[in-house]
Amino acid sequence: VTLLVIVSLGFHWLPYKLAFLNFFYLPVLAAGYLLGTRRAVLSSVLCVLLVVLYYLWLWMGFALLSASGLAALTTVIVQQIETALSLAVWGGFLILMGAVFGRAQERMLASHARVRGMADVLKRRSLSLEESNTALLQSTATLQRKTEELQSQNVLVERLRQQVEQTLYST
């Protein structure tokens with residue numbers, strides 16, 4: 001709203017008004033970014049309505065200055081048909097841009113939430129893998145210790161076998 005007021009006040013005092021219509025994209029972009037698609041479109045419609053009302057007020061002033069009064073309003077609008085068509089095209093693009101930008105922002109937020117969810121899943125899986133790795137390392141250490149014990153027992157068995165064979169062969 002602050003941007004809209006600032007742009008509207010600036011627009012009133014600028015001499016080349018059609019050149020500065022693009023400043024009305026600022027409040028629409030801000031609304032699309034901060035408030036979503038519906039409010040961006042509403043903001044763009046409000047901007048278009050504000051500018052159209054300003055031009056109608058301006059053209060009504062020209063019509064009242066003429067001798068025929070308000071009846072000359074259609075004549076003034078026909079004389080300013082190029083400006084009216086420019087306003088129509090500008091207004092259409094402003095509303096379209098509000099809808100597109102707001103929708104893109106909403107999609108980006110949804111994508112961000114989806115990525116955050118996937119990051120949480122990856123974090124949980126990483127913790128699970130770390131726990132599994134720790135358990136595997138402990139199992140490996142236990143197996144290695146048992147293997148060493150078996151090897152030492154095999155050495156003892158082999159020595160005993162050799163002693164038994166020596167005693168059998170020596171007798």
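Helices are DSSP runs of at least four residues, numbered from the N terminus. Leu34 lies in one of them, helix H2. The model described here is predicted. Leu34 is exposed, because its relative accessibility is 64% and the cut-off for exposed is over 50%.

Leu34 belongs to a nonpolar patch on the surface. H2 and H5 are the elements that give two or more residues to the patch. The largest share, 3 residues, comes from H2.

Helix H5 covers residues 81–170. Its 90 residues should span 134 Å at 1.5 Å a residue. The end C-alpha atoms are 128 Å apart, which agrees with that expectation. Helix H3 (37–65) has 29 residues. From its first C-alpha to its last, H3 reaches 42 Å, close to the 42 Å expected at 1.5 Å a residue.

Both helices hold buried residues. In H5 these are Thr83, Leu87, Trp90, Gly91, Leu94, Met97, Gly98, Gly102 and Gln105. Their cover includes helix H2 (25–35) and helix H3. In H3 the buried residues are Thr37, Ala40, Ser43, Ser44, Cys47, Val48, Val51, Tyr54, Tyr55, Trp59 and Ala63.

The largest nonpolar core has 20 residues. Those with the most contacts inside it are Phe11, Leu21, Phe24, Val51, Tyr55, Trp90 and Leu94. Helix H1 (2–13), H2, H3, helix H4 (73–79) and H5 each supply at least two residues of this core. H3 gives the largest share, 7 residues.

Contacts of single residues show how these elements meet. For the residues treated here, neighbours within four places in sequence are left aside. Tyr55 is in contact with Phe11, Lys17, Leu18, Thr83 and Leu87. Thr83 is placed in helix H5. Its relative accessible area is 13%, so Thr83 is buried, the cut-off being under 20%. Thr83 touches Leu18, Tyr55 and Trp59.

Trp59 lies in helix H3. Trp59 counts as buried because its relative accessibility is 5%. Its contacts are Leu73, Val76, Ile77, Gln80, Thr83 and Ala84. Thr75 stands 16 residues from Trp59 along the chain. The C-alpha atoms of Trp59 and Thr75 are separated by 9.7 Å.

A search of the whole structure finds 4 salt bridges. Side chains of opposite charge can pair when their charged atoms come close. Glu106 forms a salt bridge with Arg103, with the closest N and O atoms 3.8 Å apart. The two residues, Glu106 and Arg103, are 3 residues apart in helix H5, so about one helical turn separates them. Glu106 is partly exposed at 32% relative accessibility. Arg103 is also partly exposed, with a relative accessible area of 41%.

Arg145 is partly exposed at 44% relative accessibility. Glu149 is partly exposed at 40%.

The side chains of Glu158 and Arg161 form a salt bridge at 2.2 Å, N to O. Glu158 and Arg161 are 3 residues apart in helix H5, so they are separated by about one helical turn. An α-helix has 3.6 residues a turn, so residues three or four places apart point the same way. Glu158 counts as partly exposed at 32% relative accessibility. Arg161 is partly exposed too, with a relative accessible area of 39%. Salt bridges that share partners join Glu158, Arg161 and Glu165 into one network.

Technical notes
Residues numbered from 1 in each chain as written. Predicted model: local features only at pLDDT ≥ 70, side-chain atom pairs only at ≥ 80, totals over all residues. Heavy atoms only, no water. Expected span 1.5 Å × (residues − 1). Buried < 20%, exposed > 50% of the residue type's maximum accessible area, 1.4 Å probe, protein only. Contact = heavy atoms within 4.5 Å. Core = buried A, V, L, I, M, F, W, Y, C linked by side-chain atoms within 4.5 Å. Patch = residues over 30% accessible without salt bridge, like charges linked within 9 Å, V, L, I, M, F, W, Y side chains within 5 Å. Areas by Shrake-Rupley, 256 points an atom, 1.4 Å probe, with all protein chains shown as cover.
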